[in-house]
Amino acid sequence: MTAVILIVAAFLVLLPFVYESRNLFILLTQIFVFSIFAMSYDLLLGFTGIVSFGHAMFFGIGAYSIGIFMKRFEPTLGYFLLAVLMTIALTAIVSFVVGLLTLRLKSHFYAMLTLSLSGLFLVLAEKWRSMTYGNDGFTFRVPEQFIDRTHFYWLCLFLMVAVFLLLKRFTNSPLGRVMQAIRENEQRTESLGYHVLHYKITASVVSGVLAGIAGVLYAVSLRFVNTSVFTMDITLDALLMTIIGGVGTLVGAIIGAGIIEFAHDWLTALAKEHAIFERWIIFFGIIYILVVMFFPKGIVGTLSSLSWKKKKQHAVKKEEKMAG
Amino acid sequence: MDLIINLTINGLATGMLIFLLAAGLTLIFGLMDVLNFAHGGLFAWGAYSGLWIYSQTGSFLAGIIGAILTGFILGIITERWIIKPVYGNHVQQILITLGLMLVLSEMLKVIWGPNQIMASPPDYLKGSWELGSIIIIKYRAFIILVGLFIFAAVQFVLKRTKIGLVVRAGVMNKEMVQSLGINIQKVFMFVFMMGAGMAALGGVLLGPYSGVIHAGMGMEFAILAFIVVVIGGMGNFKGSVLAAILVGLSGSFMAYYVPDLSLAVNMLLMAIVLIIRPQGLFGAKG
Amino acid sequence: MNKLLTLDQVETHIGQYHILQGVSFEVKKGEVTVLLGRNGAGKTTTLRTIMGLNQATKGTISFKGEAIQTLPTYTIAKRGIGYVPEDQGIFAGLTVEENMRVAIQTENEETAKRMEWILNLFPDLKKFWKKPGGLLSGGQKQMLAIARAYVNENELLLIDEPSKGLAPIVVEKVMESIIQMKDQTTIVLVEQNFMMASYIGDCFYIIDDGRTVSHGSMKQLKEDEEMKRKYLGIA
């Protein structure tokens, strides 16, 4: 598995040297950004069992932070870093407060509060015109280091891999193991003496901050930000990517991001030929429902449990042979 | 004074629409422990289908009945094929109902197009009554009356009929209800159907009130309904009507005085309730 | 044959725990069969498994000659089994009257007669007819639960520890009522209170570690000190 990932990563790193297609690189960059976003979602849903319906708000906070900093001040690396710090602070505070309010209650409450709170952020972005320019949003210049699309492509690729490795370590750490124990059986974990709420809030904060970073990268890649970053669609993207790719696997989130973004691109092109493809999301909605119902582990989970079964059969056969 | 009365009527009308949505949410939650994130989708479907029938037949009443029937049918389908297969698994339930919400709103756009659709009340509900200096817009009064009627009807069913009794008993102890020889699955189906019907009714009534309908309206109202359900206490029917009126009124007054903050105020209310009384403002559980 | 209920090597899992590992017994029509055994031996799970509230993973349960172990709870109840759970399962927010109305499956002369009879037996219920079930005392809740199970024409009543947590004088009252009902229906009783069990029971089964380990007539058990000490911890 690791070998496959390394080969794919190496291929993606080298790709710009052998192939030149601006559209493809923009698309791949988008996939890297959404992979980070979806992985942050997976940390919540897949590893801790928390359902958020307002993940867009962290994404949006990141996108607007960078946009406003670049627009109001100079588009330099210094202000860029300041905007990133601002994003981290804001997303950490918001996710901490939301977690504190709802994570001690039934799982419905977190989903509900995040949903309504992200609705509030959307309204805020629409109404606070002096800061956000309302619905239409605004364009901004980015630090010169990010102007070159290929450089930015590498940066996003690097960050995606870094976040992947970071979360891999995080979820395998003692802390991450407790989180997974919470997902499996919250009461038992509590009765083992773990303060479940602390772990859940930690997951909520880490996830919120990473989603904010994804938002920053997204806005920089577009050099534009508008209220769409706070809409339900963004949250739905994260949900579709994580669920279809496979929850609790991290790789699933990346694969899901790839599938959704490629399909989006492809189906949008098809929409010119038939209007039904403008509603491409409906297909994913149906697939999503079927996946939740029949393959709750998603693509990666289902495939790996299949191959695990095969391995087991293989092992049994081996034993039989040896016995014979 | 006139202004206050007008804002109050406005708030009550909005409150009643939210109530129609929240009533089903809270009953379904109380009985089945399912929070239906697709409820807003049923609301929007009620609006589209009802107004379509209204425009085809010219009869607003036919539109209302059509909307309610649409709600019933969608409710049965949702309960039977979407929610029943994942009973007992909270995370799966929450996820699947949101997926349904997505499909429902996209389907609306496929069938009726992605643009807003205009709506206006029938002639006999247009205009207003003047009582001295007070002007009461007929359609708003109509919404309030319908809301009160539905509240009374549901209250009657819950208190005076066998099925209502079973629903209340089911909220308290599902196992015991079954041990007494009652098929709780049928009760679930009934409650889901009724909840969906009320949501659809709310949707079709909203159309002429706001003048336009669009596919996103389901989500907008669902957010208000969630706030109401939390404030009123999850599973508490009476609490939901009081909370809906509270949210409707606060929305209407805030929209007049500080329009930008109206959602924020309701959110704040919800946050406070979550901190101090997660079981809801009104009464104990059950 | 006058066997009303038969359990044959019934096994039940709850989550990963193997609670019942082979419970077998027969209930004869018109008798009071008492299930005895230590706390956690599986008595309550046995009743819950009969009702279908826990799924039997192995074995058969037959009622009136038909297998019922795969039926849903409500069908089992409808076939004529009334159940009084350990916690009584009173609907706390409903009045006594409403509790009774939920229970009645079809209102007819027979249920009206039974209702009258049971209310005469428990005049307290009549007294608190319009009060919420949650406000009743422990004994009154027990009476309400028994009345609810009795009011339909059930051929079999499963009663789980009716004496639990009640004052001795109330236990006597409940015991008295069960004896009165004995003439009309068959009863399976789970009971820790040996005095009560031996007073109303006709025969007994002892469940230990999820298995039926011994049975006989109540008379035999009363004389068998060794058995009482071994499984019931009473000398």
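Student: What share of the 324 residues in chain A is buried?
Tutor: Buried residues come to 46% of the 324 in chain A. Keep in mind that this is a predicted model.

Student: How many helices and strands does chain A have?
Tutor: Chain A has 14 helices and 2 strands.

Student: What about contacts in chain A, how many are between residues 24 or more positions apart?
Tutor: Such pairs make up 81% of the chain A contacts with a separation of 6 or more.

Student: Switching to interfaces. Which pair of chains shares the most contacts?
Tutor: That is chains A and B, out of 2 pairs in contact. Chain A and chain C do not touch. Their nearest C-alpha atoms are 12 Å apart.

Student: How many residues does the contact take from chain B and from chain A?
Tutor: It takes 33 from chain B and 33 from chain A.

Student: Which elements of chain B give two or more residues to the side that touches chain A?
Tutor: They are α4 (90-112), α9 (217-232) and α11 (262-276) of chain B. The most comes from α4(B), with 15 residues.

Student: How does that side of chain B divide by class?
Tutor: The side of chain B that touches chain A has 27 nonpolar, 3 polar and 3 charged residues.

Student: Now the other contact. How many residues come from chain C and from chain B?
Tutor: Chain C gives 19 residues and chain B gives 16. On the chain C side, α2 (73-78) and α3 (96-103) are the elements that give two or more residues. By class, that side of chain C has 11 nonpolar, 4 polar and 4 charged residues.

Student: One residue before I go. Where does C:W129 lie?
Tutor: C:W129 is in the loop between α5 (123-127) and α6 (138-150) of chain C.

Student: Why is C:W129 called partly exposed?
Tutor: Because C:W129 has 13 other C-beta atoms within 10 Å; a residue counts as exposed at 12 or fewer and as buried at 20 or more.

Student: What does C:W129 touch, leaving out residues up to four places away in sequence?
Tutor: C:W129 touches C:V96 and C:E97.

Terms used. Residues numbered from 1 in each chain as written. Chains lettered and ligands numbered in written order. Predicted model: local features only at pLDDT ≥ 70, side-chain atom pairs only at ≥ 80, totals over all residues. Contact = placed C-beta atoms within 7 Å. Helix = DSSP H or I, 4+ residues; strand = E, 2+ residues; numbered from the N terminus. Nonpolar A, V, L, I, M, F, W, Y, C, P; charged D, E, K, R; others polar.
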